[in-house]
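Me: Hello! I am new to this structure and would like to go through it with you, one question at a time.

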Amino acid sequence: MLTVLPSVLRTLVSPSPGGGGSIGARERGDRGGAAAPPPNEARPFTPPRLRSATATLPLQGRVGVCVALIISLLIAAPAAADTTPEQYRSIVENTITNYLRPEFQALAVETKALAETMGGLCEAPSAARQDAAKESFSKVLQAWSRVEYARLGPVIVEKRLERFSFWPDRKGTGLRQTQKVIADKDETATDPVTLADKSVAVQGLQALEFILFGNGAEALASGDDFRCRYGEAVTKNLDTIANEILAGWNDEASYVALMRKPGPDNAVYRNEGEAANDIIEMLTTGFQFIRDVKIGNFLGATPEKAKPRQAAFWRSGKTFAAIDANFAGLKALWEGSGMAAVLETRPAASEQAGGAGIASSIDFEFVGAERDFAKGFKPLEEAVKDPAEHNRLGYLAIVAGSLWRFFAEDASGLLGLRMGFNALDGD
Amino acid sequence: MRSMAIDRRTLLKAGAAGAFSLFIPIVGRADMCPAYVATRREADGSFAAIVIDDAGEVLFQEALDGRGHDIALSPDRSLAVFFARRPGYFALVVDLEGRQRKLAFTPPPGKHFFGHGFFSPDGRLLYATESGGEDETGLIGIYDVAAGFIRIGAHATRGLDPHEALLLPGGRTVVVANGGMQTHPDDERLVLNLATMEPSLSYIDLATGDLVAQVSLAADLHQVSLRHMGIDMSGAVWIGGQYQGPPTDEVPLVVRHRLGQDLMPISAPAKVYASLRQYVGSVSANADGSLIATTSPRGGVVIEWNAQTGAVVSERTLTDVCGVAPEGDGFLVSDGQGQLTEEDGLLRTYPQTAWDNHLRKV
């Protein structure tokens, strides 16, 4: 279920169909990677074999040199065997322990605080309490963005993912429905139980953002009874969903049991590699999404073509903070999974970089992104119009694209986790 | 080599005449006539349109600019149109008699192919599933064959993400599977509307473009993207789905439809559906339409169904299997490991190559 893009392929065979595209094109240009096959086309990874290296050595004369060379090759490439089931298992186990459980725990802490803060605002409306509610919202958004691409297991059942965050929403369905709930004073939206059965677009982060920051939000400070009660129901709903997901991850007999015990009768994972593949897929999907949807949706090829209102969370001014948290969360996943340690056991194939080189390249890209976020950005609307800031955002898209490539092509290949040639979504 | 190019129909005629075939050097089953077409990734990473004979021998091949998908064959079997995989921006027309590339054409600016298409019964028009433009409406583009495959119009498919389209027996109505997945314009594999997808099956009058009928699965199955189809001996359409929901859900991925009725999910033991891993990559009927084969590259399985009873007839495992086409009473399948496999075993392997998702019988 690796959802990797064939846009490299497309640029090779056709003129651009117009619109978008520029980020990917720039990235390809910068990295000179247009000739590289996109990851879904890549050949199944074959571990380098010693015999292929020795076979090319000159066998005539200078035997001593040859022997020395062969010995050095033996020393340099001792680990030509496949990634072991134990190694895959360690990646899965580490991810559960060091990323999924603690990060969703942190999210549940923030959703609880948000529900309390929102309740406080409704109880005694004031500008200070509205600010506190906004601050709590930002913290939930931050915690959510760190796990946004963990789209598996308890996250994707019962529409929890969409109910928590309904985006992208290209038709503006969420805004329209949320405004209607408010205009109609739809009481079924003020009880978290009945709210959970309503449209996924009116019960999550985007609805709450509109309630707290959208048109008419200022009335919350002086007491807008319906709007506040609706907001409170949304916060309780978010808290419920976060706790359901957390309970799912903490349940030893549930999805984690499937991840830990692959086999012929396992409905999801037949072997350890498939479970490990789902871990690396969070990273590949995440960076692809950051580059093409999170940034790609609003940045445009030039400042003139930017569309800041298509950015996620522009109303609350948290667009960049959320993307920063996306990077930080994926870094926590990368580090928590221990994938680097497994990669480091993978030798280089022919002239390509080995696992250790790929791992340090990945670290390098993460640091690059961190540094750029640390410098800060102007507010979204200004930033996209400012050529220098626009360039910096383009750079972030390039970093996301590089990380995507490192995970989807290099790391997946080195770990022996390629998808089959014919198994892509929609083919 | 032109003199060696014995047209398949000529050979059949000759065979029927019962004499000429004696003079043709036939080694085993390698009759050197185009029998199947498919696209393939070559050992060097390039992509090619491939024409093989009954023995799986490559008769000739043409380079493709990118990865291919399915092939439309003209009714007289003289032309094969190899479509690029979605989002596809080219189609290559190959002359099966002359054994060479004829021309390549592209969809209009802003639109792309989905990798599937078919010819009109008289062979004068080619139809291709397409979409593009702001509203992403599904289309069946209409191309004039004699005029060099210029696009002369389109019919709406009344849904997003049209994938395979087949001409029904009678040749007047086309059935098209609207997969329902709204994807990012730059990355056609990023699905953006999982919560709201509405796949459907549309029947469209080929002459007028009118919608004859449209059916959808029950609301709780709205994440089953309907994509590939085969038509059985009774004219019923068999559809293979790709489920976009949780991998732990138990979902019927094979569905049958007769015009005038509801879509009918085929019931099968849970283990059978589980073995498909929520993904059917290709669907085909056998020669007489009594069997339907569904393949799953994710599950690495070929399931054959009795078209009349809906019962599972056989299950086979084969890594990365996807392409399937009728052969004898059963099927020939192709896979991502370069293999062509018959019902009773391996026919031919091309090491280091990978057959694409679809295989078509000439």
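Me: Which residue of β7(B) does Leu92(B) stand opposite?

Reply: A note first: this is a predicted model, in which local features need pLDDT of at least 70, side-chain atom pairs count only at pLDDT 80 or more, and totals for chains, interfaces and linings use all residues. Residues are numbered from 1 along each chain as its sequence is written, with chains lettered from A and ligands numbered from 1 in the order in which they are written. Strand β6 (residues 91–95) of chain B runs antiparallel to β7(B), and five bridges join them. In β7(B), the residue opposite Leu92(B) is Ala104(B).

Me: Which strands are at the edges of the open sheet in chain B?

Reply: The open sheet has four strands in the order β4-β5-β6-β7 (chain B), with antiparallel pairing; strands (E, at least two residues) and helices (H or I, at least four) are DSSP runs numbered from the N terminus, and two strands pair if DSSP finds at least two bridges between them. An edge strand pairs on one side only, which in chain B holds for β4 (68–73) and β7 (100–105).

Me: How many helices and strands does chain B have?

Reply: Of the 362 residues of chain B, 52% count as buried. Its elements are two helices and 28 strands.

Me: Is Ser225(B) buried or exposed, and why?

Reply: Ser225(B) is found in strand β16 (residues 224–231) of chain B. A residue is buried if 20 or more other C-beta atoms, placed from the backbone, lie within 10 Å of its own, exposed if 12 or fewer, and partly exposed in between. Because Ser225(B) has 25 other C-beta atoms within 10 Å, it is buried.

Me: Which residues is Ser225(B) in contact with, leaving aside its neighbours within four places in sequence?

Reply: Two residues are in contact if their C-beta atoms, placed from the backbone, lie within 7 Å. With those neighbours left aside, the contacts of Ser225(B) are Gly179(B), Gly180(B), Met181(B), Met197(B), Pro199(B), Gly241(B), Gln242(B) and Gln244(B).

Me: Over in chain A, which helix supplies the largest share of the side of domain 1 that touches domain 2?

Reply: The domain assignment, automatic or from a database, gives domain 1 (7–43 + 272–414) and domain 2 (85–260) of chain A. There, 31 residues of domain 1 are in contact with 31 residues of domain 2. On the domain 1 side, α14 (272–299), α15 (319–337) and α16 (339–343) of chain A each supply at least two residues. The largest share, 12 residues, comes from α14(A).
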